[in-house]
Amino acid sequence: MIKKIAVIFCVVFFLSGGGCISFRIEPRPEPEHLVETFVLCKKVVPNGELLAPEGTTTDFDGNDPQVLCFVGLKNVGQKMTLKWKWYSPAGILFKETVDVSVNTTEVYLEAVTAYDRLDMRQEGIYEGRWVVVILVNEELAGRRTFTIR
Amino acid sequence: MILLSGTSALLSDDKILIEFQASYLAYSYDHNQIYGEGVSFRIFSFDVSCDHLKADVRSRIFYAYGSIVLTKDGKKRFEGDEFFFNPEERRAILVDYSEKVGVVHIRLEEDIDEIEKLALKEEKEEESPLPSDVLENLTLPKIQSSLFYFTCERAQITEDYEVLGEGVILHLEGMESVGFKKFKLSSGLKQRGSGFSLDKIWFTKSQGIIARGSYLFRIPDRVNSLTQLNYEERSVLKEYTGPDRQLDILNSTSFVVDEYTNVSFTGNYNSSNLWNVGFVLNRRWNERVITNFDVSYNKPINFKGETWIGFTSTLSGGNLGDLSLSGRYEVQDQVLGSLSYANTFLERLTLLLNSTYSKIKIVGSESYSEILTGGVSLSYDSQIFNLSTDYYLNHDLFGSQLLSQPQLRLGINPFSFYEGILVASFTNIFIYSDIKAGPDHQDTYSNNTIFSLSSQPMYMTPIFSLNMSFAVEQFLEKEDRNFTSGGFIGKGTLEFAKGFFLEGLYNFQSRRRTKNWLIEGTTSQDLSAVIRANPSDKLNSWISISYDPKNRQWTQSFADISFEVIRKWQFHTLINYDFILNKLNNIDLFLVREAGRVQLRFVWRSLSQQFSVELIPR
């Protein structure tokens, strides 16, 4: 019995090991300014020192005064910029924010929250499938589509 | 198990479809998904670099975004912000967000004879629709909350969508664990290409050593053949009285002959001298007619084998109705046959006809049972009522018994009144049975009438509601075993805090038997209180206690408590206490980890005094 178990153990060890297990691999550092949350919502509320989205949805209608695009980032150690771009159903750039500078003092921030709004009462808003993108350091970091009815 | 399964990849020589190099790559075993940062990869003839990558390997959806650059033969060909690609369909979409959303469709065509020579065909479409949001729920935090996830710098996806990683670190429940030079990350996937696979080697105290392997042979769109081998070695067990070992071989092969015809073969062999084989030819004559021809042989343990030849044919006749025919013949003179027909007339009238004939050898004798059955059903369904009439015939040709059973069913569809607060329904079923057995003749009939009345929840205050239901049933039959029963259930619900409810239930049931002048019967009552808590997804529980007012005693208490402990670990318990016997009937305790494609459960059951650990594939 012991012999049989020893043979099985050796086979398992050979198959699973076979020189492939190494304990010296250095772990990779976690990505910086990681987009943790990127949602559309009707309201943004305080959540401790940060903000939190409320009423997340991708469907909006004429009764909604605004469309909010909320972003939550984590692991922010360096200065960075945020920019939102809103596109109409025809694919035309409808609204673009300026580059918003974040963490200019370059201290480590565990989390950062921010949002931009599309005012539904302004001219040029019409029904269809809209797109909003977020750029971090001028590079695309997220995209959402939403419907205005 | 993952260690064991992971080993087979190292022995495989699967072709690499995509190879990723990244500053950070994370793969979730639970969800079979990848998240990457600072990624570059090659897909067919293109070299692609991007800031971020998301991939759902199971659905073959790959999404790269941020600073997309596509180069071919060292020349920069495209730049953009998003790159969607599906290697299965050999199509990709590149999106650019500038003053206008630019969408470019790219078709990747592979020259099968010379894989290195890849042709690029591109087409710009001004009005191309933008792809919908994909993989929006795939985030690094989601991957990091997996039971098993791996991080590495290099990963490969094979043509069979297995994921291999190099320089891998395993994270177990978020904690960094052992490292591997090379590891098959996606072990356990069902879909794979042709070849042999050692699926499992395992040892249990009850089954001994178990080995499972399989061989898959596949010619795309033509042949699919899977042979599975299960072996159990029990000689290593101390107290086992059965055979020392058991072998099962199963084969399932399908072959597409042409657009209208395919054939399939199944074969099973078990070392305990049990085996069967089957062959099916499926032919689609046209859009309406499909026929299956089959031949099978089945050899059970200790009995003579049986060879069956048969066919099944379905005919969809549209307005003329649907007809189904089947017939099977066994070489020892056994026969099975069936015929059914269904049609709907005038939108509300439905006719069903069916008939079966069987002549089957009685086990252990040379005699046959021979039964002919038939049925016809005609039903009418209107907005107010439904009416159906059925006739069922069972003729035992061997035992010379004939049962004919007509029945009439009338029901009033549930209707609401008092502005929808009350709902009532009524059903009546009359059954007549006529049994002839040789010279004997017997007939019976019964009638069952059911009336029910129930209410929607009526809110007395914004947090307190009442609802009730009442039902009465009368059963009459020829032999005078007549019953009248009725019941009432009243329920009050108070939401005393958000997501927390206190419910009171009163239940009264009465059953009376009437025969000539005699009336006898019983009544039962039950009063229960329930506290229910489901304020969020993390807590969903209830506790109840019951009291019998008639006998003035507490009866039972139940509890079903479920809440999230930490990181998708769910604690669940079921408790039952019997006040009459004054004892705890049972407690079941579960600690469950939902991990995407598997569920890990630690279970303790008081009744069997058993503790078990279960890993259940989802």
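This is a predicted model: local features need pLDDT of at least 70, side-chain atom pairs count only at pLDDT 80 or more; totals for chains, interfaces and linings use all residues.
1. Residues are numbered from 1 along each chain as its sequence is written, while chains are lettered from A and ligands numbered from 1 in the order in which they are written.

2. Chain A contains an open sheet of four antiparallel strands, in the order β3-β2-β5-β9. Strands β3 (50-56) and β9 (109-119) of chain A are at the edges with a single partner strand each, so one side of each has no neighbour in the sheet. From one strand to the next the twist averages 45°; axes are lines fitted to C-alpha atoms, for helices over the stretch in contact, and the angles, from 0 to 180 degrees, are taken between N-to-C directions.

3. Two of the pairings in this sheet can be followed by residue. Strands count as paired if DSSP finds at least two bridges between them. In chain A, strand β2 (residues 34-47) is joined to β3(A) by six bridges, antiparallel, and A:Pro46 has A:Leu51 as its bridge partner in β3(A). Two residues lie between the strands of this β2(A)-β3(A) hairpin, where A:Gly48 has a positive phi near 65°. Strand β5 (residues 66-76) of chain A is joined to β9(A) by ten bridges, again antiparallel, with A:Cys69 opposite A:Asp116 in β9(A).

4. Chain B has two helices and 38 strands. Of its 618 residues, 13% are buried; in chain A, buried residues make up 23% of 149. Buried means 20 or more other C-beta atoms within 10 Å of the residue's own, exposed means 12 or fewer, and partly exposed is in between, with C-beta atoms placed from the backbone.

5. The contact ranges of the two chains are as follows. In chain A, 63% of the contacts between residues at least 6 apart in sequence join residues at least 24 apart. In chain B, residues 24 or more positions apart account for 36% of the contacts with a separation of 6 or more. A contact requires C-beta atoms, placed from the backbone, to lie within 7 Å.

6. Strands β3 (residues 46-56) and β4 (residues 61-72) of chain B run antiparallel and are joined by nine bridges, with B:Leu53 opposite B:Ala64 in β4(B). Their hairpin has four residues between the strands, and B:Arg60 takes a positive phi near 65° there. β4(B) also pairs in the antiparallel sense with strand β5 (residues 75-86) of chain B, over nine bridges; here B:Leu70 is opposite B:Phe78 in β5(B). In this second hairpin, with two residues between the strands, the positive phi is at B:Asp73, near 55°.

7. Further along chain B, strand β23 (residues 368-381) and strand β24 (residues 385-396) pair antiparallel over eleven bridges, and B:Val376 stands opposite B:Tyr391 in β24(B). These two strands form a hairpin with three residues between them. β24(B) pairs in turn with strand β25 (residues 401-417) of chain B, antiparallel over twelve bridges, where B:Thr389 has B:Leu408 as its partner in β25(B). The hairpin of β24(B) and β25(B) has four residues between the strands, with B:Ser400 at a positive phi near 50°.

8. Which residues have the most contacts inside the largest nonpolar core? They are A:Ile134, B:Leu25, B:Tyr27, B:Val48, B:Ala64 and B:Phe150, in a core of 77 residues. A nonpolar core is a set of buried Ala, Val, Leu, Ile, Met, Phe, Trp, Tyr and Cys residues joined through C-beta atoms within 7 Å. Beyond its neighbours within four places in sequence, B:Phe150 is in contact with B:Tyr27, B:Gly165, B:Val168, B:Ile169, B:Leu170, B:His171, B:Phe183 and B:Leu185.

9. B:Glu564 lies in strand β34 (residues 553-566) of chain B. B:Glu564 counts as partly exposed because 15 other C-beta atoms lie within 10 Å. Neighbours within four places in sequence aside, B:Glu564 is in contact with B:Lys538 and B:Gln570. B:Lys538 is 26 residues from B:Glu564 along the chain, and their C-alpha atoms are separated by 5.0 Å.

Note on methods. Two residues are in contact if their C-beta atoms, placed from the backbone, lie within 7 Å.
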